[in-house]
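Dear colleague,

I am passing on the structure we spoke about, and below it you will find my notes on what turned up. Please read them with the model open beside you.

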Amino acid sequence: MTERRFELASVHRCPLCGEPVSWAEKQAGEYACLTVCVPLIPFPRHLVEKHPQYLGEAKKLARPVFYSSAASAAALAVFMFFGLYELAVLVAVAALGFFMIGWSRRVRLIRRYRFS
């Protein structure tokens, strides 16, 4: 009985359709915005085959926010290195804002395409 319970607990499901998928495919589905900007796995086949609209929408929404956040984080590191702490705080707030916008977009995108 406990062996069966362990098997059921270890099945990973697609966050959009609920089909059993690998752990990497599950992560690619949950973080599609990150997957399109920084490929975590070579080809998220489940997303490409079953959810191409979701992947396309993630590409449109993610790139400006991700690269703005990455540039803000890089500027933060440079300002901290040179001791410009006042500017670093300003850039840190901007980076945090971009992160929050990206997280919000990711959650709304998953909700919009879940079980569709």
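**Notes on the model**

Leaving aside neighbours within four places in sequence, His51 is in contact with Cys14, Leu16, Cys17 and His46. His51 itself is found in the loop between H4 and H5, and with a relative accessible area of 9% this histidine is buried, because anything under 20% is counted that way.

Before going further, please keep in mind that this is a predicted model. The mean pLDDT of the chain is 85, and 88% of its residues reach 70 or more. Over residues 1–6, however, the pLDDT is below 50, and this stretch has zero contacts in the model beyond near neighbours in sequence. Where pLDDT is low, the predicted coordinates should not be read in detail, and I would ask you to treat that stretch accordingly.

**Overall layout**

The chain contains six helices and two strands, and from the N terminus on its elements run α-β-β-α-α-α-α-α. Of the 116 residues, 30% count as buried, while the chain exposes about 8,000 Å², of which carbon and sulfur atoms supply 66%. Among contacts between residues at least 6 apart in sequence, 52% join residues at least 24 apart.

Helix H2, which covers residues 23–30, has as its buried residues Glu25, Gln27, Ala28, Gly29 and Glu30. The cover over these buried residues includes E2, helix H3 (32–37), H4, H5 and H6.

**Salt bridges**

How many salt bridges does a search of the whole structure find? The search finds three, and I take them here in the order of the chain.

In one of them, Glu19 pairs with Lys50, and the closest N and O atoms are 3.7 Å apart. This pair links distant parts of the chain, since Glu19 is in the loop between strand E1 (12–13) and strand E2 (20–21) and Lys50 is in helix H4 (residues 45–50), 31 residues apart. Glu19 counts as partly exposed at 32% relative accessibility, and Lys50 is likewise partly exposed, with a relative accessible area of 44%.

Another salt bridge joins Lys26 to Glu30, with the closest N and O atoms 3.3 Å apart. Both residues lie in helix H2, four residues apart, which is about one turn of the helix. An α-helix has 3.6 residues a turn, so residues three or four places apart point the same way.

In the remaining salt bridge, Glu57 is paired with Arg112, the closest N and O atoms being 3.4 Å apart. Glu57 lies in helix H5 and Arg112 in helix H6, so this pair ties together parts that are 55 residues apart in sequence. Arg112 counts as partly exposed, at 45% relative accessibility.

**Aromatic pairs**

The structure holds three aromatic pairs, and I describe two of them here. Tyr54 and Tyr113 form an edge-to-face pair, 5.6 Å centre to centre and with 65° between the planes. Because Tyr54 lies in helix H5 (residues 52–81) and Tyr113 in helix H6 (residues 85–113), the pair ties together parts that are 59 residues apart in sequence. Are these tyrosines, Tyr54 and Tyr113, buried or exposed? Both are buried.

Phe81 and Phe82 also form an edge-to-face pair, in this case 5.1 Å centre to centre and with 80° between the planes. Phe81 is exposed, with a relative accessible area of 67%, and Phe82 also counts as exposed, at 58% relative accessibility.

**A nonpolar surface patch**

Phe81 and Phe82 also belong to a nonpolar surface patch of about 640 Å², which they make together with Val78, Leu84, Leu87 and Leu90. H5 and H6 each supply at least two residues of this patch. Leu87, which is found in helix H6, counts as partly exposed at 40% relative accessibility.

Definitions and conventions. Residues are numbered from 1 along each chain as its sequence is written. This is a predicted model: local features need pLDDT of at least 70, side-chain atom pairs count only at pLDDT 80 or more; totals for chains, interfaces and linings use all residues. Side-chain values use heavy atoms; hydrogens and water are left out. Rings of Phe, Tyr and Trp (its six-membered ring) pair if their centres lie within 6.5 Å; planes under 30 degrees apart count as stacked, over 60 as edge-to-face and the rest as tilted. Buried means under 20% relative accessible area, exposed over 50%, partly exposed in between (1.4 Å probe, protein chains only). Patches are made of residues with over 30% relative accessible area and no salt bridge: like charges are joined within 9 Å, nonpolar side chains (Val, Leu, Ile, Met, Phe, Trp, Tyr) within 5 Å. Accessible areas come from the Shrake-Rupley method with a 1.4 Å probe; for residues, only the protein chains shown count as cover. A salt bridge is a side-chain nitrogen of Lys or Arg within 4 Å of a carboxyl oxygen of Asp or Glu. pLDDT is the predictor's confidence in each residue, from 0 to 100. Contact means heavy atoms within 4.5 Å.
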